[in-house]
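Take a moment with the sequence and the model, then read on.

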Amino acid sequence: MENALHVENLAKSYKRSMRHPGLLGAFKGLFSSKTQEFQAVKGISFSINRGERVGLIGENGAGKSTTLKMLTGIIAPTSGKLEVLGLLPWKQRRELALNIGVVFGQRPQLLWDIPVRETFRLLKAMYRIPSDVYEVTYKEAVRRLDLEPLLGTPVRLLSLGQRMRCDLAASLLHAPAIAFLDEPTIGLDLTVKEQVREYIRDMQDKFGVTLLITTHDLKDITEVCDRLLLLDKGTLLFDGSLKAFEKKFANESRIVADLERPATASALRKLSAEMKKHGGIVTGGEGHKLIVSYRKEGSAPVLTQILLKRQKVADLTLEKTDIETIVTRIYRKKPGKN
Ligand SMILES: Nc1ncnc2c1ncn2[C@@H]1O[C@H](COP(=O)(O)OP(=O)(O)O)[C@@H](O)[C@H]1O
Ligand SMILES: [Mg+2]
């Protein structure tokens, strides 16, 4: 399969002015020109083939936007190799722009005073989009993203959600080889999010658009991606399929039981000991709720049997840590103190 992009040991440091604590520090800050290097991306390597659909996830401040900015040529890397469609993004930005689509959801790019329809026509001219391509992409965008009622309104006057839809449409009008979408569904309501996903999927089906998307929304990942990159404080922690991701991180399952009556201390001790032999860890049981967690696949039957033999159980459910649980956990962490 043909390579769409390739990065090797890609790193980006930002210079930050040093802060002195306190009021005096604030004054000092005005005069001192001391700066400190901060490594936002710490030497990551990966390749993406044409037609792949890749989700880039990681908690706030992990370096997702920085990575996308380097890939799209908005900023130059501090070190490392970087190639997108055979081009060096920060040096050949214009050439690259003709072949990629870019959306930064936190900062929509279309802010023009002219109506949406005119904006799109201008883009057609600027990008020299062939009429047969434009015919399809324009129609598809209007239909999928429900843009008809907006076409006569100046972009500047649209709501954030409306502007986002137009931004996305605009970024894909030229049916680019790669779409870089940074939080394209942020702040949108559920039905619009669904429209956006359908539109992205559609553009992939019709034009084979390669996708690199960052998102906080699990559905964006499960519904449009087949591969995941997980960034953690500037380091690539995982690169692989959704299935592999689940396998690597979702390694704990639980049997959650509702006991008819709380277990006695000695019964709990015996139960724990026997469960332990089969890889089960018992928690609770002093009240009505008892949990057996385990990591080895296929342990549920034997662990359940032991439990049913030793305790009267009113109800019982099996829980798997699925991709949703993991991703929620990643984003539930507090935003980085940056
Ligand atoms: N222009 C900048 N100057 C200094 N620090 C920056 C700049 N842009 C981003 N950062 C810092 O780099 C880190 C990564 O930011 P970013 O790539 O935006 O993360 P993400 O998109 O994953 O939330 C954060 O700690 C952020 O504060
Ligand atoms: Mg970001």
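What follows is a topic-by-topic tour of the structure. Please keep in mind that this is a predicted model. The protein is divided into two parts, domain 1 covering 3-248 and domain 2 covering 252-320. A ligand is present too, and 13 residues surround ligand 1.

**Overall layout**

- Domain 1 and domain 2 have C-alpha centres that lie 46 Å apart.
- E286 gives you a landmark in the loop between β11 (280-284) and β12 (289-294).
- The residue range 252-320 belongs to domain 2, and E286 is exposed there, with a relative accessible area of 60%.
- From E286 to N60 the C-alpha separation is 39 Å, and the two residues are 226 residues apart along the chain.

**The three-stranded sheet**

- Three strands make an open sheet in the order β2-β1-β4, and their pairing is antiparallel.
- Which strands stand at the edges? They are β2 (35-49) and β4 (79-84), and because each has a single partner strand, one side of each is left without a neighbour in the sheet.
- On average, neighbouring strands of this sheet are turned by 25 degrees against each other, direction ignored.
- β1 and β2 are joined in the antiparallel sense over twelve bridges.
- One position to look at in that pairing is S13, whose bridge partner in β2 is Q39.
- Strand β1 (residues 3-17) also pairs with β4, again in the antiparallel sense, over five bridges.
- On the β4 side, H6 has E83 as its bridge partner, while E8 stands opposite K81.

**A closer look at Q39**

- Q39 lies in strand β2, where it is the bridge partner of S13.
- Is Q39 buried, exposed or partly exposed? Its relative accessibility is 39%, so Q39 counts as partly exposed.
- Q39 and T78 are 39 residues apart in sequence, and their C-alpha atoms are 9.4 Å apart in space.

**The β8-β9 hairpin**

- Strand β8 (residues 227-232) pairs with strand β9 (residues 235-241) in the antiparallel sense, over six bridges.
- How many residues sit between β8 and β9 in the hairpin? There are two, and K233 in the turn has a positive phi of about 45 degrees.
- D232 has T235 in β9 as its bridge partner.

**Around ligand 1**

- The closest of the surrounding residues are G61, G63, K64, S65 and T66.
- S65 also makes a side-chain approach: an N or O atom there is 2.9 Å from an oxygen atom of ligand 1.
- For R16, a polar side-chain atom lies 3.3 Å from an oxygen atom of the ligand.
- With Y14, the ligand atom involved is a nitrogen, which is 3.5 Å from an N or O atom in the Y14 side chain.

**Cysteines**

- If you are wondering about disulfides, the structure holds zero of them.
- C166 has 0% relative accessibility and therefore counts as buried, the cut-off being under 20%.
- C225 also counts as buried, because its relative accessibility is 4%.

How values were computed:
Residues are numbered from 1 along each chain as its sequence is written. Chains are lettered from A and ligands numbered from 1 in the order in which they are written. This is a predicted model: local features need pLDDT of at least 70, side-chain atom pairs count only at pLDDT 80 or more; totals for chains, interfaces and linings use all residues. Side-chain values use heavy atoms; hydrogens and water are left out. Domain bounds come from an automatic or database domain assignment. Two strands pair if DSSP finds at least two bridges between them. Helices (H or I, at least four residues) and strands (E, at least two) are DSSP runs, numbered from the N terminus. Axes are lines fitted to C-alpha atoms, for helices over the stretch in contact, and angles run from 0 to 180 degrees between N-to-C directions. A disulfide is a pair of cysteine sulfur atoms within 2.5 Å. Buried means under 20% relative accessible area, exposed over 50%, partly exposed in between (1.4 Å probe, protein chains only). A residue is near a molecule or strand if one of its heavy atoms lies within 4 Å of it. A polar contact is a pair of N or O atoms within 3.5 Å; within protein, one must be able to donate a hydrogen and the other to accept it, and residues adjacent in sequence count only if both atoms are side-chain atoms.
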